Amino acid sequence: KTNIKSYEKYNPPSPLSGKDILARGGLYTIGERAVILHRSILSLSENGWVSVTPIILRSLLECGINSLAIVNKDNEYMAFKFYCNEFLNTQLDKGFSQEIRDFNMNQVRQQIVRLNQADQKRAEEYVKEFLKRKEPKSYWYRPEYSNTDDILRACKADSMYEVYKFLSGPTHSSFVG
């Protein structure tokens, strides 16, 4: 229903059709992933694989946290960072072929041109600084947010951090689950 409303509001011939393209696309992708993860829990449970559902629940919660990080501030720029983190990480890993790294940099460039001019400049500077890194970047939302707790607090959803911490255990092979 959310995607239908977004389509009605933003797609041509709407005068808003060029607004928030990356944010809307990112949220659509996250929403699709969330639906798939949610539905997989029932399938796994019905087939006797209940013990892996906490891992999927954590992933589902990550979808919500990523959405919050995008919509809470600078939505187009943050959506750019969400899209491009792994494309940029491959640039730091010489284990990827030059062909893959070139393809991924092209993906980054394609996202930059979709931004407004001010955000394009920020994104280009971000890429330039990112490529100076020695290690891949795990948390795409830094430095705007230091961690998931920071995102949840900024959105007044900090009570969810306890759930996130609890579900982090099974993600890292603890007994819970």
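Helix 4 (75–92) supplies five residues to the lining of the second largest pocket, the largest share; helices here are DSSP runs of H or I with at least four residues, numbered from the N terminus. The model is predicted, with local features requiring pLDDT of at least 70 and side-chain atom pairs pLDDT 80 or more, while totals for chains, interfaces and linings use all residues. Residues are numbered from 1 along each chain as its sequence is written, and side-chain values use heavy atoms, without hydrogens and water.

The second largest pocket has a volume of about 300 Å³. It is lined by 14 residues, of which Phe82, Asn85, Glu86, Ser138 and Trp140 are the closest to its centre. Two or more lining residues come from each of helix 3 (53–72) and helix 4. A pocket is an open set of points on a 1 Å grid over the protein atoms alone, where a 1.4 Å probe fits, with protein on both sides within 12 Å along at least five of seven lines; lining residues have an atom within 4 Å of a point. Points are joined across faces, edges and corners, and the volume is the space filled by probe spheres set on them.

The largest pocket holds about 400 Å³ of space. Among its 16 lining residues, Asn3, Ser6, Arg24, Leu27 and Tyr28 are the closest to the centre. Helix 1 (2–10) and helix 2 (21–46) each give two or more residues to this lining, and helix 2 provides the largest share, seven residues.
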